[in-house]
Amino acid sequence: MAQALLKAVLTGEYQQGAQLFEALKRPGAQDFRWGGVCHLHLGDALKARRLLLMAVAKGDQAARVELATCLRFEGEFAAARAQLSSLDVERMTARDAALALREAAVLEQQCGEVTQAAALLDEAWSHAVSADLLVQSAVAQSIALVAAHQGNDVKAEAYLQFAEEHANAMRRVYVLLARAASATYLGRFEDAEQALSAAERRATSCPLATALLAYRWGMWFSAQGQWNQARESFGRAIHLAREQQQPETEFYAQLGLTALATAGGDETAERGSLARAKALVKTPRAQAYLDWRLGAAMVRQANPRGLERLNAASGYFQTSGCTREVIWVLLHLVEAHAVLGSPVAAREALREAADAHLMLGSQQHLALELNGLARTRQLLDTLTEHEYERVLCGPSSTAMPVAEVTLVTLGSPAILVNGQRVRLQMKKFVEVLAFLLKEGETTLGTLQTEVFRGVSQTRSKNYIHQVRHELKRLVPGLSVPYAAATQTYRLHCEGVHLTWDWQQARDALLSSERDVMLTASFNVKTFLQDSDSEWVETERERMSRWIIRVGLETMDTWYSAGDYAKCVKLAERLIEIDPLDEGLHDFLIRATAQVKGVSAARTVCWESRTLFAREVGYIPPLLDTLAQQLQHKLPN
């Protein structure tokens with residue numbers, strides 16, 4: 001019977017699972033756990049909580065994961081966090097560890113800590129790959145939700161495809177709802193409608209999702225300006241959320257009604273929904289959303305305090321990395337400045353919104369908010385065809401064309417697109433691309449060994465997978481395709497001009513114009529300066545030796561030609577790379593004698609000999625010979 005109960009849970013047959021649990025005469029700790037899970041997904045939070053507490057009391061500590069879920073649904077975030085903090089993930093099975101970290105991530109996401117949620121999900125995925133596909137599906141769905149929260153729809157879609165492929169009936173409903181949300185944000189309303197309709201057909205297998213389903217329909221109607229239907233859907237979501245004790249869903253549905261009331265000038269409805277929403281605020285993220293809608297309501301009444309609320313919301317979303325929300329709030333700030341008589345500030349906010357929109361790939365469907373912002377739409381209508389802010393006038397089906405892409409590896413690693421720094425969230429993003437540029441076609445094993453030494457194969461493979469998807473989103477035309485025939489990855493350019501500062505520095509030193517050595521940037525110590533990978537250190541040493549060799553050959557030519565001042569300058573530059581190269585000190589001392597005289601050369605020679613004595617404990621014979629020669633020469 002106990003195995004049948006677990007099977008019912010894994011397949012999403014929660015009604016059958018609840019019946020099997022009730023039939024047990026002496027349920028054990030895990031039976032209480034799975035019985036609690038069944039009742040949780042059937043919408044009976046009170047009974048679920050009681051059964052999960054029994055499971056913990058009887059010794060199944062992993063039941064705290066589902067207990068935390070139950071508490072989170074009820075808006076008790078501190079209590080949910082307390083349940084999770086008492087778990088030792090390292091001592092749990094792969095399945096339970098993945099679910100615990102996933103729940104912790106969902107909790108952080110709902111509290112607004114999106115970056116922390118992403119980090120926890122990365123860890124959860126490393127455990128999930130050793131668990132069953134159902135667990136992998138659950139973690140993948142959460143990764144997709146966080147990615148969408150950050151505006152990364154390419155990554156979200158990849159994980160949603162995986163999640164849907166391996167989900168049970170209940171999980172598939174949530175995956176469909178996530179797809180509908182993403183498609184709505186992108187203006188793909190037909191795709192969103194198909195996902196919502198499919199979720200509706202499957203809703204009987206997941207009654208707990210019905211409130212969220214109604215809310216998603218409300219957002220879909222609202223984005224298309226169908227405000228009456230949106231109002232009905234939000235109202236239904238509020239009713240269901242109260243029945244099922246889901247305060248978070250009710251909160252966002254109340255704000256949906258607030259937005260409609262503000263846009264329509266219905267102050268009574270606006271005040272009512274705001275009052276209820278205020279009572280439901282539990283997290284900093286919820287407070288930011290409330291500030292946004294409250295600020296918009298104040299602006300409609302020409303209350304300057306609305307600016308404070310909108311700026312507070314904007315600051316929070318920017319800090320949290322929620323680019324979608326940043327764009328929307330900036331559009332409201334445009335409206336606020338226009339209403340309050342500050343056209344210059346309105347235009348500046350419009351430009352910031354355009355910048356954020358382009359950062360997100362110009363894919364976001366802005367009508368979701370623009371429908372209710374009359375002054376902002378008027379300002380957009382006054383723009384000429386070629387003005388920058390026109391990118392906000394409608395959804396773009398393709399990303400802005402990219403002409404020049406630069407990979408920066410000397411100094412702080414970065415990618416520049418048309419001279420603008422792309423926002424990167426992955427520490428080794430640039431290093432992966434640099435390694436592929438250097439090596440050409442590369443196997444997964446080589447990438448893992450050279451770039452991710454000490455990291456598990458599962459985590460490093462997932463990291464590379466995320467880099468590939470991020471690159472498609474951030475830099476259209478640049479990709480890392482996988483060749484199945486050779487089982488290799490490579491960096492591919494299509495329609496872009498890619499330059500690499502490291503390669504440019506090497507090309508400059510290979511040019512026939514030797515004077516370039518006096519100006520070229522070749523401080524190899526800054527190559528991928530934050531990386532401690534062995535291949536990076538090897539490349540730094542190799543390039544250092546090569547630059548020194550080229551420099552010595554160059555100075556030999558200059559010295560023979562009498563260009564002593566150039567020798568002094570280049571020797572000084574190269575000594576910064578390798579302070580203990582005897583040949584460099586030889587050129588520096590002899591060239592100094594020619595340019596500044598014997599006295600100056602004696603001083604440089606003394607400094608060189610002191611350096612070697614201090615750093616390596618001996619003085620090279622070459623420097624002793626030079627010192628003796630300088631002693632027998634009269635100063636100029």
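These are my notebook entries on what I looked up in a predicted model of this protein.

**Overall**

I began with the whole chain. The protein has 636 residues, of which 54% count as buried. I counted 31 helices and nine strands. Along its principal axes the C-alpha trace spans about 105 × 65 × 45 Å. I then looked at contacts with a separation of 6 or more, and residues 24 or more positions apart account for 60% of them.

**Helices H16 and H17**

Two packed helices are described by the angle between their axes and the distance between the axes, so I looked up both values for two pairs of helices. H16 covers residues 267–279 and H17 covers residues 284–300. They pack at an angle of about 155°, with axes 11 Å apart. An angle over 145 degrees counts as roughly antiparallel, so H16 and H17 are roughly antiparallel to each other. The crossing of H16 and H17 is left-handed.

I listed the residues that meet. On the H16 side they are Glu267, Glu270, Leu274, Ala277 and Lys278. On the H17 side they are Leu290, Arg293, Leu294, Ala297 and Arg300. The residues of this contact divide into five nonpolar, five charged and no polar.

**Helices H18 and H19**

H18 brings Leu307, Leu310, Asn311, Ala313, Ser314, Phe317 and Gln318 to the contact. H19 brings Glu325, Val326, Val329, His332, Leu333, Ala336 and His337. I sorted the residues of this contact by type and found eight nonpolar, five polar and one charged.

**Helix H23**

Is H23 enclosed or open? Eight of the eleven residues of H23 (residues 429–439) are buried, so this helix is largely enclosed by the rest of the structure. The buried residues are Phe429, Val430, Glu431, Val432, Leu433, Ala434, Phe435 and Leu436. I noted that Glu431, a residue that counts as charged, is among those buried in H23. Just after H23, Gly440 takes a positive phi of about 75°.

**Cysteines**

How many disulfides are there? I found zero, taking a pair of cysteine sulfur atoms within 2.5 Å as the rule. For Cys70, the nearest cysteine sulfur is that of Cys38, 13 Å away, and Cys70 is in no disulfide. Cys70 counts as buried, because its relative accessibility is 0%. Cys605 is in no disulfide either, and its nearest cysteine sulfur, that of Cys567, is 17 Å away. Cys605 is buried, with a relative accessible area of 3%.

I looked up two residues here. Gln245 is not a glycine but has a positive phi of about 55°. It sits in the loop between H14 (227–243) and H15 (247–264). At 42% relative accessibility, Gln245 counts as partly exposed.

Leu528, also a residue other than glycine, has a positive phi near 45°. Its place is in the loop between H26 (501–510) and H27 (534–561). Is Leu528 buried or exposed? Its relative accessibility is 2%, so Leu528 counts as buried.

**Pro27**

I found Pro27 in the loop between H2 (14–23) and H3 (29–41). Leaving aside neighbours within four places in sequence, Pro27 is in contact with Phe21, Phe32 and Lys58. I also took a C-alpha distance from Pro27 to Ala55, 28 residues apart along the chain, and it is 9.6 Å.

**Tyr618**

My last entry is on Tyr618, in the loop between H30 (598–616) and H31 (621–631). Its relative accessibility is 41%, so Tyr618 counts as partly exposed. Which residues does Tyr618 contact, leaving aside its neighbours within four places in sequence? They are Glu582, Phe612 and Ala613.

Tyr618 and Ser314 are 304 residues apart in sequence, and their C-alpha atoms are 61 Å apart in space.

Key
Residues numbered from 1 in each chain as written. Predicted model: local features only at pLDDT ≥ 70, side-chain atom pairs only at ≥ 80, totals over all residues. Heavy atoms only, no water. Contact = heavy atoms within 4.5 Å. Helix = DSSP H or I, 4+ residues; strand = E, 2+ residues; numbered from the N terminus. Buried < 20%, exposed > 50% of the residue type's maximum accessible area, 1.4 Å probe, protein only. Axes fitted to C-alpha atoms, helices over the stretch in contact; angles between N-to-C directions. Parallel < 35°, antiparallel > 145°, perpendicular 65-115°, else oblique. Left-handed = near helix turned anticlockwise from the far one by under 90°.
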